[in-house]
Amino acid sequence: MGSLFRSEEMALCQLFLQSEAAYACVSELGELGLVQFRDLNPDVNAFQRKFVNEVRRCDEMERKLRYLEKEIKKDGIPMLDTGESPEAPQPREMIDLEATFEKLENELREVNQNAEALKRNFLELTELKHILRKTQVFFDEQEGGVNQTTESMTRALITDEARTAGASMGPVQLGFVAGVILRERLPAFERMLWRACRGNVFLRQAMIETPLEDPTNGDQVHKSVFIIFFQGDQLKTRVKKICEGFRATLYPCPEAPADRREMAMGVMTRIEDLNTVLGQTQDHRHRVLVAAAKNLKNWFVKVRKIKAIYHTLNLFNLDVTQKCLIAECWVPLLDIETIQLALRRGTERSGSSVPPILNRMQTFENPPTYNRTNKFTKAFQALIDAYGVASYREMNPAPYTIITFPFLFAVMFGDLGHGAIMALFGLWMIRKEKGLAAQKTDNEIWNIFFGGRYIIFLMGVFSMYTGLIYNDIFSKSLNIFGSHWHLSYNKSTVMENKFLQLSPKGDYEGAPYPFGMDPIWQVAGANKIIFHNAYKMKISIIFGVIHMIFGVVMSWHNHTYFRNRISLLYEFIPQLIFLLLLFFYMVLLMFIKWIKFAATNKKPYNEACAPSILITFIDMVLFNTPKPHPEKCETYMFFGQHTIQVLFVLVAVGCIPVMLLAKPLLIMQARKQANVQPIAGATSDAEAGGMSNGGPHGGAGGHEEEEELSEIFIHQSIHTIEYVLGSVSHTASYLRLWALSLAHAQLAEVLWTMVLSIGLKQEGPVGGIVLTCVFAFWAILTVGILVLMEGLSAFLHTLRLHWVEFQSKFYKGQGYAFQPFSFDAIIENGAAAAEE
């Protein structure tokens, strides 16, 4: 039971392992996951440690596996995952694994290189095929043949002077180049040709309808065919340079139509042959990847386990004989026998005859904090650890949070319908948790929901309970037990009069409703909100004060466990008295008022004579005497109230200097008596008669530098001021329970009144269609706003109440988490990092 309410007792142990048995023993400890090793070589560089070469080999194997995984995912091949975790291979198996991965990587890279070369050749032939087709259209677009086309292009390209000179020299011969360019580069390419060649070129282009595959990355690209006519070698050189700058691919294109047809036939034949070879290459690649996909998960697990073992062995020290490895580790006291059995199994597996030695050490260091959790308590413990990991053996709030967290949430979220939606969602995740856990996803929101499935389920169940107490289901009430009110109004008055009020003098039977609120309050339009306000505000203060008192009582368990007598006498007792005499007394006044005053009573205990609790509390603190009531009403609720209140305030105020000065003065007196100077020594808590953070049973205590007296006075002043002022602000902070509950109820009523009621008022066949559409819209708003957004708001406010108002009374959260060497955690973290 102690481990449930406090962290596990830890021990620092020294471990001696024979060199040949160290690997197997560490492997067994990794499967167990109960040992946190310390680094005994903090000053040694990572590249100078003993097993750095083995770690590098594991890194190389992991790189090859990631390459295989990327190729498998690229082809969409499913990877076999049996969910089983194979054992860590023996060191001699590393060679076989390295050879297997090397062979697979080389084979796959060779196949990929061949496939890329074939695809590049296929792309070139495909582009040449389109060039031959498109340029044939360019040459044949005029019925007169090539001569008329050439003549028209000549007239367009040659100036008048060149035309006159050409007339004497004979016919002008035009040259041309053909190629392929990316479609998005074509406009800029055309402008550059025009400007660089001063308009003395003739460009024709046509789009390739089907996209082509880029052999480098496999993307689909859109290209266009172009042909450029020019005159002279100078323009030819300029045109080719421009084509090179725009990364256009030029292909040879014969001038004669017969040569073009013959080349096109050869190109088609080569494309068909390439298609056959590409298909065979892809089939071979697919077979290699399918075979690798069957074992890839297990290979990853094996490699990560080997790497984790050697990384852990690098934390060990070698003895002078180089035959023994020495380690230091934190272990839970309850699991020492289990750890020794695991070490014995590892020794037997390795064949060593020298048994391992596990010795417990004495230390002044603070041990790590280890709270055992299961799938149910894990999420609640995560809420606590998000605030801060508990100090060693400090009271753990998580077991109490399992009840208080969903309950305080439900006070703000109380609605039977909305709670049922949340509970069903949580129950669905719980029932399907094995399948959902196996489906790993990168969606952080879903991971948060799934991790908190038990919290969501409990919040929904508790919200259903408080919804029954409030008698609220989607802003409507359930009429289970009838009503204990008798109205003298007719139906039309009740349904139409918005200012109708319930009067307890004549309409109420006097017997309380069996469970929850009477459904008649739904029709009390005028004083319904007033009644709910008073009811929810008071229960918020009641729950808040009880919650804070419980937090202060938890600090008593810390003081008694650590035998801190001064903190127990001069912190806990004054704090509890201060809280009880002021704020718990205010809670008692609420119950007294509920019991003593009623509408049916006669004066002085009539409803009109009931005093205000807030005014009474303010008068009590300010020592004001209430003014006499003009009618026959009592000034006080019970005999001797004024005297008791004055006494309570004086005692509560007297607790403040005790909290402020008693502990520092006693520490100062203890130092004077012991004649101890403020140098290294025990902590102030130990001087005060208690033990250090290690506790009386932990075997390890804090060994810190002693605080200066001035710092002790300052810290105690801060804690006292924080507690006194915080008692007021924290009590007021619990009013968020009232505020969010009213806001949630009003939002639900607005949605019902302004959305769903419109569809319910429709009649006939059209009304059915309208109601369906309106209901869908209402359901979306209900789930999106009232369940998700309001649920998140209530969750955050509940979290704040636990972190600040409750845990600040006893929880420091200054420890560090126990992080054992565990294969499960390493593999899970490695898989998550690989997915990112």
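Asp59, Glu62, Arg304 and Lys307 are linked in a network of salt bridges, a salt bridge being a side-chain nitrogen of Lys or Arg within 4 Å of a carboxyl oxygen of Asp or Glu. The model is predicted: local features need pLDDT of at least 70 and side-chain atom pairs count only at pLDDT 80 or more, while totals for chains, interfaces and linings use all residues. Residues are numbered from 1 along each chain as its sequence is written, and side-chain values use heavy atoms, with hydrogens and water left out.

Across the whole structure, a search finds 29 salt bridges. One of them joins Arg49 to Asp39, with the closest N and O atoms 3.1 Å apart. Both residues lie in the loop between β2 (36-37) and α3 (52-74), so the pair ties together parts that are ten residues apart in sequence. Helices here are DSSP runs (H or I, at least four residues), as are strands (E, at least two), and both are numbered from the N terminus. Arg49 counts as buried because its relative accessibility is 14%, whereas Asp39, at 34%, counts as partly exposed; buried means under 20% relative accessible area, exposed over 50%, and partly exposed in between (1.4 Å probe, protein chains only).

A salt bridge also forms between the side chains of Glu105 and Arg63 (3.1 Å, N to O). Glu105 sits in helix α4 (residues 93-140) and Arg63 in helix α3, so this pair links distant parts of the chain, 42 residues apart. Glu105 is buried at 6% relative accessible area, while Arg63 is partly exposed at 29%.

Glu571 and Lys663 form another salt bridge, their closest N and O atoms being 3.6 Å apart. This pair connects helix α20 (residues 565-596), which holds Glu571, with helix α22 (residues 641-674), which holds Lys663, across 92 residues. Both residues, Glu571 and Lys663, are buried.

The structure holds two cavities of 30 Å³ or more. On a 1 Å grid over the protein atoms alone, a cavity is a set of points where a 1.4 Å probe fits but cannot get out, and lining residues have an atom within 4 Å of a point. Grid points are joined across faces, edges and corners, and a volume is the space filled by probe spheres set on the points.

The largest cavity contains about 170 Å³ of space. It is lined by 16 residues, of which Tyr470, Asp472, Gln522, Lys528 and His532 are the closest to its centre. The elements giving two or more residues to this lining are α19 (528-561) and α25 (736-760). The largest share, four residues, comes from α25.

Methods
1 Å grid on protein atoms, 1.4 Å probe; cavity = no way out; pocket = protein on both sides within 12 Å on 5 of 7 lines; lining within 4 Å.
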